[in-house]
Structure formats: C-alpha cells, structure tokens
Amino acid sequence: GTSFVHEGLVPFTEYEYRLKASNGAGDVVSNSIRKFTLEDRPSNVSLIQVLNLTNTSAIFSWQPPAVANGVITAYEIVISLDSHSLTVYKGLDRQIQIDTLRPYSNYTVRVTAYTSVGGTTGPLARFLTSEGVPDFVATPRLLTKTADELVFTWGETVNLNGVLKEYQLLVSSSSAGYETVYSGLARTFVIEKLQPFKEYFVKLGVCTHVGCSYSQQRATKTAETLPAGIKLPKSTSRTSRSIVLSWEPPTSPNGVIVRYELRRFTASVWKLLYSGPEFEYEDQGLQP
C-alpha cells in the first residue's frame, strides 16, 4: 500500500517521518517531514492547594497539569458551599486569594485546566474556614417584670460562625457602663434586685471561641410599687379656725404619683379631707 496510519501517539507532540524505498539495487531515503498531533484535553490535573486559611479568606495555588496535551488557555476555579457552586476565577494565573468566604463553613474547591479542545477537572479539595464572631444578634425579649425583677429570654442565633461558647446578658441604668449579669448557655435569665419604676438598658451577647457579637440595647422599665419615704406634712395656723397643711413628694415615688390623700382623725374616724395632685390644703371650720 501507499499509506500508513500511525496510531497510539501522544497528543500535541511533534513527530518526524522519513520514507525509505528499497529494491534489488539498494535503498533510497527521503527527506524528513515533521508533524504535530492535534491537541486534546489535559490529563492528570493535580489537587488544588489551600493556603493561609482564615475565617473569611484563603489562598488557592495549583500546578500545571502533568500532561497538558496542548496549550493551556485557562484555569477555572470553582468553590462550592451547601450545594451552591460559584466560579471565582478564570484565567492563566496559578495562585489567587479569595476574601469573601463564610466563617466556620465547609467548602470544596476544584481547578479545571483548559486547552482549545476542552477542560479536565482535578480532584476536589475540602477545607473548613476558621471560626468568627456571630453575624447578627437579636435583642432579648422581655418575658415578665415586677418592681424589682426583669425576666428576659432569647432564641438561638442563626449564623453563629463558630461553636457557641456562651450567652451574655448585660444591663445598665444609664445606657453606658454595662455590667455583665449572666454568662452561660441557658436562654432565659432573671435580673434581680432592681429599683422599682426605673429604666434599664439590656443587651445580649453571643460568643464563639473567637469573640462576641452584641445586640442593640433594649430599654425596659421595672413595674411600679408603693411609694416610700413619705414625710410628715407641715402645718401652719393662719386663723383661729383653719390650719394650712403642706407636704413634699415622697423621696421614692416608685411610680407615677396620681394623687395625694389627706385625712383628719375626728371622733375615732379618719375623715378624708383632700384627694388630688396638689401639695397644700387648708383645713377650715375648726374650733378655736
């Protein structure tokens, strides 16, 4: 025959051929010709390396395919989290840094090497980002209150970004200078020994082993109770038949004073003389 098919060659490799013709008189060899096989997809794409891992960033580095089978036109890096995949890079560099990872999350990453024919994907690399602080903390919810206690409860934080270390409940009477009154894993706490009818500011902290995130403060006032610190009224005689009585607000109102009541003891009975918001009353029609 006058043709020959050379099989089992390596893609994108140059081969040199010469033809030799022989007869009874001898041999004649032609000049040589050189020919490249066509490109193919790369093979033996290596595992991508994950370096300098933090809670939100990582450096990805990779080597060229062991057998390129052509000219590499691009590398594609795909990151996956919870069945959601995202192409984060496509180009010819062999090292990139990604700064948009989620803390404490299990990722997979793979590299695909391309020639003009197509691409081949390397094995999956798995990695876990380190812990961070929680994303968002909701304000605690007031469950019940009395004159000297506030009971708060709260739910689980959705995006912990790590392993829960503890909850913290902080309280202040001036929206500054918070005091931590609770640290633990329970999600209900009673703040005790508070002052009646006083505004307190409370916020919740949620902590991982890296640190804590805090909610916005919540203003809550304890319930009212009976007034305390009522002083004796002062009396002044203006005429022979009247007495002017005056008084001051209690030192501890423990709520909103709605009225004062003044009574006089007459004939073994306490008679109501006055009921209202004023601080003075003239008792008239008395005996000299």
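Between which two strands does the loop that holds Asn 69 lie? The loop runs between S6 and strand S7, residues 74-81. Keep in mind that this is a predicted model.

Start with the sheet that S6 belongs to. The sheet is open and has three strands. Their order is S5-S6-S9, and the pairing is antiparallel. Strand S5 covers 49-51 and strand S9 covers 95-98. Both stand at the edges, each with a single partner strand, so one side of each is left without a neighbour in the sheet. From one strand to the next, the twist averages 25 degrees.

Now look at the pairing of S5 with S6. Strand S6 spans residues 58-61. Three bridges join S5 to S6, and the two run antiparallel.

Next, the loops. Asn 44 sits in the loop between strand S4 (33-36) and S5. Its phi is positive, about 60 degrees, although Asn 44 is not a glycine.

Asn 69 has a relative accessible area of 10%. Buried means under 20%, so Asn 69 counts as buried.

Note on methods:
Residues are numbered from 1 along each chain as its sequence is written. This is a predicted model: local features need pLDDT of at least 70, side-chain atom pairs count only at pLDDT 80 or more; totals for chains, interfaces and linings use all residues. Side-chain values use heavy atoms; hydrogens and water are left out. Two strands pair if DSSP finds at least two bridges between them. Helices (H or I, at least four residues) and strands (E, at least two) are DSSP runs, numbered from the N terminus. Axes are lines fitted to C-alpha atoms, for helices over the stretch in contact, and angles run from 0 to 180 degrees between N-to-C directions. Buried means under 20% relative accessible area, exposed over 50%, partly exposed in between (1.4 Å probe, protein chains only).
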